[in-house]
Structure formats: C-alpha cells, structure tokens
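Welcome! Please take a look at it before reading on.

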Amino acid sequence: LANTAWAFASAGVKVPELFDAIAAAALPRIGEFNSQGLANTAWAFATVGVKAPELFEAIAAAALPRLGEFSSQALANTAWAFASAGAKAPELFDA
C-alpha cells in the first residue's frame, strides 16, 4: 500500500478515488507498516494533496513509539508531509 501510494504520487498521478481506497485499506493495517512505509504514505498523500485526516492520525499514533526506527530522511519527509497536509500531531512533534 505504501509503495503504491508512493509510486502514484512520484509519477504525479492524483486520483482521489485511488488514494481514498489506499487510505481505507491502510487504516486497519497501519501497525504493520515499517517506518519507511509510514513516511512514504504520509509523503504520498501530502504530495498529491488528498486529504486523509484519519490516516494521518493513525500514522502519527503508529510512528510515535517507533521514532527511533526512522532515518533522518524519513523523519524529514514525515514532518514535511504533516505540515504540507495541515495535519496536526502535537504529540508526535513534541516527542
């Protein structure tokens, strides 16, 4: 799911229905995503501008206890994605 979202966003393909379906499928499985998958998913949604507040909340919750697993690039991409999407996650950014 993360790779699919990343690929479409990298190609500049904005298909809201596709991203809505990815978000719906990702929500119950977000705990299975590794740190790169979390970062890539957030980046992809922010890049195409598809609003997915529940997904961003789930990404923040999943990322918080695993911040030590994030590379510096993944942290930067995640921070950029949340800021660009207007997604607030004070508990994540105060960590």
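Which residues in helix 1 meet residues in helix 2? Thr4, Ala5, Phe8 and Ala9 in helix 1 meet Leu18, Phe19 and Ile22 in helix 2, where contact means heavy atoms within 4.5 Å. This is a predicted model, in which local features need pLDDT of at least 70 and side-chain atom pairs count only at pLDDT 80 or more, while totals for chains, interfaces and linings use all residues. Residues are numbered from 1 along each chain as its sequence is written, and side-chain values use heavy atoms, with hydrogens and water left out.

**Helix 1 and helix 2**

- By class, the contact of helix 1 with helix 2 has six nonpolar, one polar and no charged residues; Ala, Val, Leu, Ile, Met, Phe, Trp, Tyr, Cys and Pro count as nonpolar, Asp, Glu, Lys and Arg as charged, and the others, Gly among them, as polar.
- Helix 1 covers residues 2-10 and helix 2 covers residues 16-26, and their axes come within 10 Å and cross at roughly 160°. Helices (H or I, at least four residues) are DSSP runs, numbered from the N terminus. Axes are lines fitted to C-alpha atoms, for helices over the stretch in contact, and angles run from 0 to 180 degrees between N-to-C directions.
- That angle makes helix 1 roughly antiparallel to helix 2, the word used for angles over 145 degrees.
- The two helices, helix 1 and helix 2, have a left-handed crossing, meaning that the near helix is turned anticlockwise from the far one by less than a right angle.

**Helix 3 and helix 4**

- The axes of helix 3 and helix 4 come within 10 Å, with a crossing angle of roughly 155°.
- Helix 3 and helix 4 are therefore roughly antiparallel to each other, and the crossing is left-handed.
- On the helix 3 side, Leu38, Thr41, Ala42, Phe45 and Ala46 take part, meeting Leu55, Phe56, Ile59, Ala62 and Ala63 of helix 4.
- Buried residues of helix 4 include Leu55, Phe56 and Ile59, buried meaning under 20% relative accessible area with a 1.4 Å probe and protein chains only.
- The buried residues of helix 4 pack against helix 2, helix 3, helix 5 and helix 6 (90-93).

**Aromatic pairs**

- A search of the whole structure finds three aromatic pairs; rings of Phe, Tyr and Trp (its six-membered ring) pair if their centres lie within 6.5 Å, and planes over 60 degrees apart count as edge-to-face.
- Phe19 and Phe45 form an edge-to-face pair, 5.1 Å centre to centre with 90° between the planes.
- Phe19 lies in helix 2 and Phe45 in helix 3 (residues 35-48), so this pair ties together parts that are 26 residues apart in sequence.
- Phe19 is buried at a relative accessible area of 0%, and Phe45 is buried at 1%.
- The ring centres of Phe56 and Phe82 are 4.9 Å apart with planes at 85°, so this pair is edge-to-face.
- Phe56 belongs to helix 4 (residues 53-63) and Phe82 to helix 5 (residues 72-85), and both Phe56 and Phe82 are buried.
- Ring pairs link Phe56, Phe82 and Phe93 into a cluster.

**Around Ala46**

- Ala46 sits in helix 3 and is buried, at 12% relative accessibility.
- Leaving out residues up to four places away in sequence, Ala46 touches Phe56, Trp80, Ala81, Ser84 and Ala85.
- Ala46 and Ala81 are 35 residues apart in sequence and 5.2 Å apart in space, C-alpha to C-alpha.

Notes: Angles under 35 degrees count as roughly parallel, over 145 as roughly antiparallel, 65 to 115 as roughly perpendicular and the rest as oblique. Rings of Phe, Tyr and Trp (its six-membered ring) pair if their centres lie within 6.5 Å; planes under 30 degrees apart count as stacked, over 60 as edge-to-face and the rest as tilted. Buried means under 20% relative accessible area, exposed over 50%, partly exposed in between (1.4 Å probe, protein chains only).
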